[in-house]
Amino acid sequence: MALARQVLCVSALLSLPPARAEPIRYSVAEEAESGSLVGELAEDAELTPAQLSARRARLVSEDGRQHFRLERASGRLVVAGRLDREELCGQAASCMLPFELLLSNPLQFFRVEVTLDDINDHSPVFPEERVTYKILETSESGSRFPLEEAQDLDIGINNIQAYSIAPRNDYFSVSYGSRITGKKSLELVLEKPLDREKEAELSFSLIAVDGGSPPRSGTTEIHVIVLDVNDNAPVFTQEEYVGKILENMPEGSVVLTVLANDQDAGINGEISYQLSQAVGQGDPTFQINPTTGEIKLTKPLDFEISEHHELRVRATDGGGLSAICKVQVEVVDVNDNAPDLVVNSFSSPLPEDTVPGTVVALFSVRDRDSGANGKISCALEDQLSFSLRPAYKNYYELVTVSALDREETPQYILSVTAADAGSPPLTSTQTFSVDISDVNDNAPVFNQTSYTMYVRENNVATVFVGAVSAADADVGLNAKVTYSLAPEQGAERPWCSCISVNSENGHVFVLRPLDYEHLRQTGVTVSASDAGSPPLRANVTVRLVVLDENDNAPLVLYPAQDGSPASSELVPVWAEAGYLVGKVVAVDADSGQNSWLSYHLLRATDPGLFSVAVQSGEVRLRRPVTERDSVKQKLVVLVRDNGKPPLSATAALSALLLKDFSDVRLPHSSPAPEDQDGSLTTYLIISLVFVSLLFLISSAVFVARKACRRKELEAGHVLYGADNVQSGLADAAAAGTLPRAYCYEISLTTGSGNSEFKFLRPILPSLPPQHCALGQGSAEEQDFPCVPVSTEDMAPDNAGTLSAGQLNALSFD
């Protein structure tokens, strides 16, 4: 059907106004010419012709046939083609052609019903053109002989109203009245007895006249043969037979069997059956066995074409007497027609921001079966975003019930199934493919919450340092991402003009060289914006970290290297190895390994006299001062960082080797002011007093110790030889202990993995070694045997650490 194949694509239908409660009714005579006016449909629907055109008004019927046409320009409803009431409605008492006036934007219905009025366009027709009756001459007056009625396809007053005989005769008349169950019957009435000898045969016409204007008539010829006596006519067991048969019964199926009896004997009692069907039923659908009266099917039945069939069966005996009965065959409906689903309107694609309740499709369903077989229900298969709701009569709407998301589901395949209530039920399925169009509802999303990029200082201009990347879940222009630098909010984070971002691919560039010592890190906010309307954007923070390069040489803070005369460090001539002469202090503006400094003695007046700590920059004596050493010592210390390549600086120091701090002179220096001389003199006096006091205390302690030891010897203590003292000292050193007069100092150099084990330097200056031997002098003059030890043997190894051999060689005073 043309309408079934037509899909109307319209804009999204937001709502469906309720249909008009009462239908618009018209009537028109059948066989009206094409273009004949039926009614002013636009006026009756309270619409203007302009609205009909703007809203694309159209007529929709259930069977898909267009019997009428709507003139949009005038709003008139006219006949589209020939209308034959008998073809459309058969013998129905009323013939109504329903359809709907369908409007779009918004969608609206108007129910229209047009009644087709019957006109007298059919004449009565008898089943047979000639009917022969054999009547016994002994038949009494008033005898009745049944006649088959004529058939007229018209209805009402246009149907058959009367029968008559022409030409009139004295023997017969026609009777048309109600005798059986209120139904009219047609009979030939014998008015006076027949006389075969006078008239063996009679012929006349039976005329059926309808009530049309002008009236129409039909004629059949009646031929009467006067017979000798045949007393009894056949009699059917029932005046009317009713049979039911399923529409899907095969050909040859038995519908029912009629039976007539005749009390006569011989040939007058032999009955044969004849079957006649109603006029206009085309090819015979049934046939009867002339001997048994069994009625069978000759072709398949179709309940949707005809629900019942009316048959007439004549039973005739051998003497020519006959009887007629009616047979009503009711066709029982079988569920042999699946529901039809006709789409009237469908919208696709749908924007993903479509509100719930939007009408997506409008369709109607119908089933040609009847009863439960024609009762239809519709269902939408497994779909949460859409649902079905009844619209009007057998119309349904497919509507949205929840928000749509194209990024989650870009297309919905909706299957609507229409099923009847038959057993088993028949179904039809209609598939709707609803595409979801994109709306810019997703902002770009960066693949990182923040970015950290690195650049080495002193970089070249416009160097590439990294890239940001954002993705947009939308499509088309809504997903096209461009990048830009977002302005900072507030003045606490000023705009950094050294960073630029490529708008197309998000590449980040540093536009100018950077200096780590002035700018160690900075940050900007990069904005990603799509091309939607309105555009959506997202921001991300990009932190630029400047990596240090070794571009700064060490800076010596002490001693000052500003060109002024260098100050001199004062070193007493009695200072031992490890004595702290001074310290070089330097810094490096770089960071990390580039700022790790090491100190090295580059040159000195006497290179063997001084050593420099690699990590601390401390300048110490490597050995005791001798008389051969020059009073004035000059040193140059190299300070080097750990960069690649390393950078370095030098520091110059001066040292004065003095016997007495009162002899301090600053050579090559201008005479100091008087106030400075006075302060220096004061400091020197205080130092001499402090040293003298320490010397007196130490001497007193030394004398007291010697007196105590002498008493212990006098009390009987055993004297040990030098070998025993040395072995005892060795045992003590091996055991990890020393006499009480000594203590340990653990020195861990900062930044170094080496540990140093040192003895505290004696407070008093070293006394010259005592040269004594066993057996020389008195017992009062000798406390312990002494082992001579040279000053070089007493010097600590490796900046204050004593070896085991030196420990064994020590003597105790």
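Colleague: Which residues have the most contacts inside the largest nonpolar core?

Modeller: In this predicted model, the largest nonpolar core has 26 residues. Strand 1 (24-29), helix 1 (41-44), strand 4 (68-71), strand 5 (76-79), strand 6 (96-103) and strand 7 (108-117) each supply at least two residues of this core. Those with the most contacts inside the core are Leu-41, Phe-68, Leu-77 and Val-114.

Colleague: Is Glu-397 buried or exposed?

Modeller: Glu-397 forms a salt bridge with Arg-389, with the closest N and O atoms 2.4 Å apart. Arg-389 has 32% relative accessibility and therefore counts as partly exposed. For Glu-397 the relative accessibility is 2%, so this residue counts as buried.

Colleague: Why does Arg-76 count as partly exposed?

Modeller: Arg-76 pairs with Glu-71 in a salt bridge, the closest N and O atoms being 3.5 Å apart. Glu-71 counts as partly exposed because its relative accessibility is 25%. The partly exposed class lies between under 20% for buried and over 50% for exposed. Arg-76 counts as partly exposed because its relative accessibility is 27%.

Colleague: Which residues are linked in a network of salt bridges?

Modeller: The count of salt bridges comes to 20. One of them joins the side chains of Arg-85 and Glu-86 (3.2 Å, N to O), and both of these residues are buried. The residues linked in a network are Glu-31, Arg-82, Asp-84 and Glu-87.

How values were computed: Residues numbered from 1 in each chain as written. Predicted model: local features only at pLDDT ≥ 70, side-chain atom pairs only at ≥ 80, totals over all residues. Heavy atoms only, no water. Core = buried A, V, L, I, M, F, W, Y, C linked by side-chain atoms within 4.5 Å. Buried < 20%, exposed > 50% of the residue type's maximum accessible area, 1.4 Å probe, protein only. Helix = DSSP H or I, 4+ residues; strand = E, 2+ residues; numbered from the N terminus. Salt bridge = Lys/Arg side-chain N within 4 Å of Asp/Glu carboxyl O.
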